[in-house]
Amino acid sequence: MDFSFSFAFQPIVDAVSRNVYAYEALVRGTEGQGAMSVLSRVNEKNRYSFDQICRVKAVKLAAKLKMQPLLSINFMPNAVYRAEYCIRTTLAAAKTYNFDTHKIIFEITEGEDLTSVEHLASIIEAYQSMGFRTAIDDFGAGFSRYNIMMASPPDLLKLDMGLIRNIHQDLNKQAVVAGIITMMRQLGGRIVAEGVEVPEEYYWLRSQGIALYQGYLFARPGFECLPEPVFPD
């Protein structure tokens with residue numbers, strides 16, 4: 001690859017314990033530039049190497065910062081041809097930097113152009129069997145992958161910020177989110193409400209029993225550091 005990058009970290013908080021549940025590694029330029037300055041340079045030829053380097057860099061930086069909560073890393077399903085082979089660099093990095101692999105969450109973004117449901121389901125099942133947690137990101141943005149939920153449910157489902165925005169005022173969004181909450185409870189997984197920006201959104205979501213949150217209301221991403229969250233009263 002002919003470009004370099006780093007990470008910012010944003011906390012995912014547990015509103016019940018009022019602690020950080022995990023930090024999501026968000027790709028950034030080497031001087032903190034936005035994600036698109038990096039992602040716009042990823043193509044079919046370099047996707048696999050970028051995905052592998054992302055994992056190593058995220059683990060290395062998390063270890064350097066002495067991260068104690070979980071580490072959430074985004075991955076590209078189309079870059080994973082066989083989960084058990086493609087995970088080797090992650091395992092090697094964790095061993096090199098003395099980072100507990102059981103503290104890793106792998107996130108898939110819903111918008112990823114998947115070759116097949118079976119491929120993603122096999123990755124989720126393989127990662128879970130290895131002791132990793134899995135998450136589907138941006139659920140509710142565009143086409144929601146209910147077929148994945150039926151084939152191989154992830155441990156975590158992250159609600160897209162489009163569903164969250166002004167949910168305290170939108171009865172239609174409330175109905176949709178209530179249905180997703182019921183689904184995840186029955187599947188045995190947990191929901192993360194991401195993109196929460198105002199207390200009113202949080203209060204409504206909290207009234208529905210959601211415990212995990214991510215968004216500017218709690219903390220903005222911190223470049224190469226671990227921001228401490230602020231909790232609403």
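**Notes on the fold, charges and pockets**

1. Starting with the strands: Phe 7 has Val 27 of S2 standing opposite. Strand S1 (residues 6–14) and S2 run antiparallel and are joined by nine bridges. Strands here are DSSP E runs of at least two residues and helices H or I runs of at least four, numbered from the N terminus; two strands count as paired if DSSP finds at least two bridges between them.

2. Before going on, the ground rules. This is a predicted model, with local features needing pLDDT of at least 70, side-chain atom pairs counting only at pLDDT 80 or more, and totals for chains, interfaces and linings using all residues. Residues are numbered from 1 along each chain as its sequence is written, and side-chain values use heavy atoms, with hydrogens and water left out.

3. S2 has another neighbour: it pairs with strand S3 (residues 70–75) in the parallel sense, over three bridges. In that pairing, Ala 22 sits opposite Leu 70 of S3. Strand S2 (residues 19–28) is largely enclosed by the rest of the structure, because nine of its 10 residues are buried. Buried means under 20% relative accessible area, exposed over 50%, and partly exposed in between, using a 1.4 Å probe and protein chains only.

4. How does the length of helix H2 (residues 47–64) compare with what it should span? Its 18 residues should span 26 Å at 1.5 Å a residue, and the end C-alpha atoms are 26 Å apart, so the two agree. (The expected span is 1.5 Å times one less than the number of residues.) The buried residues in H2 are Phe 50, Asp 51, Gln 52, Cys 54, Arg 55, Ala 58, Val 59, Leu 61 and Ala 62.

5. On to charges. A salt bridge here is a side-chain nitrogen of Lys or Arg within 4 Å of a carboxyl oxygen of Asp or Glu, and the count comes to six. Lys 158 and Glu 107 form one of them, at 2.9 Å from N to O. Their positions are 51 residues apart, with Lys 158 in strand S6 (residues 156–159) and Glu 107 in strand S4 (residues 104–109). Both of these residues are buried.

6. Lys 158 also meets Glu 194 in a salt bridge, at 3.6 Å from N to O. Lys 158 is in strand S6 and Glu 194 in strand S7 (residues 190–194), so this pair ties together parts 36 residues apart in sequence. Glu 194 is buried, as is Lys 158.

7. Which residues lie nearest the centre of the largest pocket? They are Glu 24, Leu 26, Leu 39, Asn 74 and Thr 109, out of 33 lining residues. The volume is about 880 Å³, that is, the space filled by probe spheres set on grid points joined across faces, edges and corners. A pocket is an open set of points on a 1 Å grid over the protein atoms alone, where a 1.4 Å probe fits, with protein on both sides within 12 Å along at least five of seven lines; lining residues have an atom within 4 Å of a point.

8. S2 gives the most to that lining, with five residues. The lining of the largest pocket divides into 16 nonpolar, seven polar and 10 charged residues. Nonpolar covers Ala, Val, Leu, Ile, Met, Phe, Trp, Tyr, Cys and Pro, charged covers Asp, Glu, Lys and Arg, and the others, Gly among them, are polar.

9. The second largest pocket holds about 160 Å³ of space. Its lining is Phe 5, Ser 6, Phe 7, Lys 57, Lys 60, Leu 61, Lys 64 and Glu 224. H2 supplies the largest share of that lining, four residues.

10. Last, the backbone. Most residues other than glycine have a negative phi. Asn 98, however, has a positive phi near 55°; it lies in the loop between helix H4 (88–96) and S4 and is exposed, with a relative accessible area of 71%. Glu 224 also takes a positive phi, of about 55°, and counts as partly exposed at 35% relative accessibility. In the hairpin of S1 and S2, Arg 18 has a positive phi near 60°.
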